[in-house]
Amino acid sequence: MTGHDHESRIGELLNRMTVEEKFGQLQQLAWAWDTGPGGGDTEAAEAAARKGLLGSVLNVVGAGASNALQRIAVEESRLGIPLVFGLDVIHGYHTTFPVPLAQAAAFDPAVTAKDAEVSAREARSNGVHWTFSPMMDVTREPRWGRIAESTGEDPYLTTAYAMAKVRGYQGDDLTAPDRIAACAKHFVAYGGAEGGRDYNTVDVSEQRLRNLYLPPFRAAVGAGAATVMAGFNTISGIPAHAHPHTLTDILKEEWGFDGVVVSDWTGVLELIAHGAAAHEAEAARRSLTAGVDMEMVSTTFADHGRDLLASGALTRERLDDAVARVLRLKLRLGLFESPYVAESAALTAPSAESRAAAREVAGRCVVLLKNDDGLLPLDTSGPRALAVVGPFADSGDLLGTWTLPGAPEAVPVLAGLRAALPDTDIRHAAGVSPEGLDTSGIAEAVAVAEAADAVVLVVGEPPALSGEAAARSELGLPGAQEQLVRAVAGTGTPCVVVLVGGRPLTIGTWADRVPAIVMAWHPGIEAGHAVADVLTGAVVPGGKLPVTFPRTVGQVPLYHNHERTGRPYDPAAPGTKYVSRYLDLDAGPEFVFGHGLSYTTFALDEPRLSRERIGVTELRAGATVEVAVPVRNTGGREGDEVVQLYLQDPAATIAQPVRRLCGFRRVRLAPGEERQVRFTLGADDIGYWTDDPAGEFIVEPGELHLHTGNSSRTRARRTLLIT
Ligand code: BGC
């Protein structure tokens, strides 16, 4: 069916639907699997489906359950409109990939496309049509638990990942049996929660909204994202669920989005708690008229819609528009033609292939933070004794936040190392538990470490400490883990720390005691194998940090693309007073954005520009500048380098960030190999959005500085003159 056929079909259906049936299409209820706030209610969903008063259900798990519920809607309701089934398939269905923040560290959007393709195939085969992913909330808040679900602090990196993931889920044809509809969430600025406390206030200027938070959404919509989810936050005083400027003016009108805006879980009802509505009817009115099309779990649209329509508070046009969007999604997914899924073809477990993909991706996400004296890769020649200690050494709890019921546990690091090093004498002791304060096991861990030639110490944060509603006020290792690190490091046995976690952790109090640190994040189902691949050198690490690692939590928020101040701190003049810094702490982070080492070395030469000046009018007409960066592998092993390009606009009408990432490319080079990495810059990269609510994007004349390097601590600079 063509888009034109869809529209005429929508028109016919709208003519036949009662007002109740229309509001029914705007209702999404939860299946009983979910027992969270509000919970799921299978019977209520079935009853509503039977009456034709339900548009969608979330959290139905399994092909059989999805078919059974669909049959009720299609065969028993008056109009037989199929349901659309949604689920949070965030980084895997059966095959859990690394958490999204880890994926961002690969600096390679192909990894997220791979996750999306595997997830879509597994999910759709089980009757899921729609995932509530990708999350594209740029965030500067490591305290915020949902940073694990994000792709970090940079809008350019997040945009690249958002587009790749949308395409990976959706492909070219949503009717295909291995594709699902994506959902760009959370619209918008949810990652700006004050203090990192989930659901908290966000007060944001128009220019920051447009330059920082909106770009990934705009690109995702451009890439065809079928749906968008509203955020739980306020945006400068108005809850995102009742925010016509973002939902309607920008998303639907300026960008021409014709898909569904779904609320977040009870997000419409929460307008009352926000203090933005006195009662449910008002919550429904504000949300519907602002541009929310479908209500997740709470039922204010269905309960009060008819009265709102009768009183004129809601127009028939707006109601029909919302319904049309829901029907359009179902038509795009081909649900009217094929409402059911072939139960015999449902994928019920990860395949060898999907596991291999998850392992490769997890390896690409690892960031080598530190490697003094080339301790890594481990010397694996001949049988040796290796201690593998720490609370996460023999743990399968490495999948990360958002995993589905029944998803297989992760391969523990201990098992991965044993498989990789069959001739090595590997001994294990946990030492401490992830969060407990009992230190009585530390002595055993120390003894195991003392008796070994090298020790792999796996510490960090359990998945339960990141994700939704999982903010932390401290970013150090939980429980007694730091004591364990000190004790094990004190043995003098060469020690590699493998850090697991869903956010940047503060490690400054112990990092200098160990020679090597590897950030493995929450690596997913193949965790142990992927970590072993990196530790043994089968895989050369090439990931980079997608977030700044602060020295202490007191520095937060600390991010690479901060705005300039009138009194910047100058590292060349550290004693200067009255500058923007802390008195009790050295300036700068523990590790900068874009940092990551390798087992080989690289040299980046001065960048070359295809031209040194370009006119605003030319740029506006589509002209571009090419930046070529020669990169050479100067070490003895094949490895990956991420060449990074940053832009700095030193004098603009609106003060610009000290640097903006505007290009990155991960390349693999053999020893001695050299390559030119080329970036193309156009008006979209060079200009910026002003504070004008109507949306004004400008390119200003003046000097632009282009910086290149292999982290945000760039090495080389060129000037481009905009005339
Ligand atoms: C989260 C969303 C999620 C939804 C449905 C909410 O609590 O904020 O990201 O998609 O639940 O599970």
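**Ligand shell.** I'm working with a predicted model here. I listed the residues around the ligand and got 13, with Asp88, Arg146, Lys185, His186 and Asp264 coming nearest. Sorted by class, the shell has seven nonpolar residues, one polar and five charged.

I then checked polar side-chain atoms against ligand oxygens. Aspartate 88 has one 2.5 Å from a ligand oxygen atom. For arginine 146 I got 2.7 Å, again to an oxygen atom of the ligand, and for glutamate 468 the value is 2.8 Å, also to a ligand oxygen. Next I looked at cover: the ligand on its own exposes 310 Å², and the protein buries 94% of that.

**Where does the ligand lie?** Both domain 1 (1-85 + 263-340) and domain 2 (88-166 + 180-235) give residues to the shell, so I put the ligand between them.

**Sheet.** I followed an open sheet of three strands, and its order reads S5-S6-S9 with parallel pairing. S5 (183-187) and S9 (260-262) are the edge strands with a single partner each, so one side of each has no neighbour in the sheet. On average, neighbouring strands in this sheet are turned by 25 degrees against each other, ignoring direction.

**S5 against S6.** How many bridges join S5 and S6? I found four, in the parallel sense, with S6 spanning residues 227-230. I also looked up phenylalanine 187, and its bridge partner in S6 is alanine 230.

Notes: Residues are numbered from 1 along each chain as its sequence is written. This is a predicted model: local features need pLDDT of at least 70, side-chain atom pairs count only at pLDDT 80 or more; totals for chains, interfaces and linings use all residues. Side-chain values use heavy atoms; hydrogens and water are left out. Two strands pair if DSSP finds at least two bridges between them. Helices (H or I, at least four residues) and strands (E, at least two) are DSSP runs, numbered from the N terminus. Axes are lines fitted to C-alpha atoms, for helices over the stretch in contact, and angles run from 0 to 180 degrees between N-to-C directions. A residue is near a molecule or strand if one of its heavy atoms lies within 4 Å of it. A polar contact is a pair of N or O atoms within 3.5 Å; within protein, one must be able to donate a hydrogen and the other to accept it, and residues adjacent in sequence count only if both atoms are side-chain atoms. Accessible areas come from the Shrake-Rupley method with a 1.4 Å probe; for residues, only the protein chains shown count as cover. Ala, Val, Leu, Ile, Met, Phe, Trp, Tyr, Cys and Pro count as nonpolar, Asp, Glu, Lys and Arg as charged, and the others, Gly among them, as polar. Domain bounds come from an automatic or database domain assignment.
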